[in-house]
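Please open the model in your viewer and keep the sequence panel beside it. The tour below moves from one selection to the next.

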Amino acid sequence: MTTRTVAKLSELAEATPTRVDVDGVPVCLVRMGETVKAVHDTCSHQQWSLADGMVWDNGVECSLHGSTFDLDTGKPSSLPAMKPVPTFAVELDGDDVRLDVAAPTNDAPFPDH
Ligand code: FES
């Protein structure tokens, strides 16, 4: 796969997780000013959608049990999750938000589903 447009910056609300499907991979996007961060949308604890949660500082909190995942490293900062989620580099090209789900920036395993 290659880098491709997955969303429009102008359509992303500030500090609000947004789920997008990228070639069958669910990705959670979070706009922070003029940058966007991206992590795999599936919580590493019990496969809940992280986009259903809230953003705290530089993390997204899972709405099911409350683990918070760092948006840069994918690592959970609180239990019950213990494994990181994949993270993705985001490129901005004008209003286009672009990423490649085949090139995660950490070595976190993808969920089985
Ligand atoms: S499903 Fe996310 S913390 Fe449990």
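This is a predicted model: local features need pLDDT of at least 70, side-chain atom pairs count only at pLDDT 80 or more; totals for chains, interfaces and linings use all residues.

Residues are numbered from 1 along each chain as its sequence is written.

**The surroundings of C62**

C62 is found in the loop between β6 (59–61) and β7 (68–70), strands here being DSSP runs of E with at least two residues, numbered from the N terminus. C62 counts as buried because it has 26 C-beta neighbours inside 10 Å; the cut-off for buried is 20 or more other C-beta atoms within 10 Å of the residue's own, with exposed meaning 12 or fewer and partly exposed the range in between.

**The whole chain**

Now zoom out and colour by secondary structure: the chain has 0 helices and 10 strands, with helices defined as DSSP runs of H or I of at least four residues. Buried residues make up 38% of the 113 residues.

**The nonpolar core**

Next, select V27, C28, L29, A38, V39, L50 and V60, which have the most contacts inside the largest nonpolar core, a set of 26 residues; such a core consists of buried Ala, Val, Leu, Ile, Met, Phe, Trp, Tyr and Cys residues joined through C-beta atoms within 7 Å. At least two core residues come from each of β1 (4–8), β3 (25–32), β4 (35–40) and β10 (96–99), and β3 gives the most, with 5 residues. Centre on V39, whose contacts beyond four places in sequence include C28, L50, V60 and F69.

**Strand β10 and its partners**

Finally, select β10, where V97 and L99 form the covered face and D96 and R98 the uncovered one. β10 pairs with β1 in the antiparallel sense over 4 bridges, pairing requiring at least two DSSP bridges between two strands. β9 (residues 91–93) and β10 also pair in the antiparallel sense, over 3 bridges. D96 is the bridge partner of K8 and of D93. Between β9 and β10, which form a hairpin, there are 2 residues, and G94 in the turn has a positive phi of about 65°.

How values were computed
Two residues are in contact if their C-beta atoms, placed from the backbone, lie within 7 Å.
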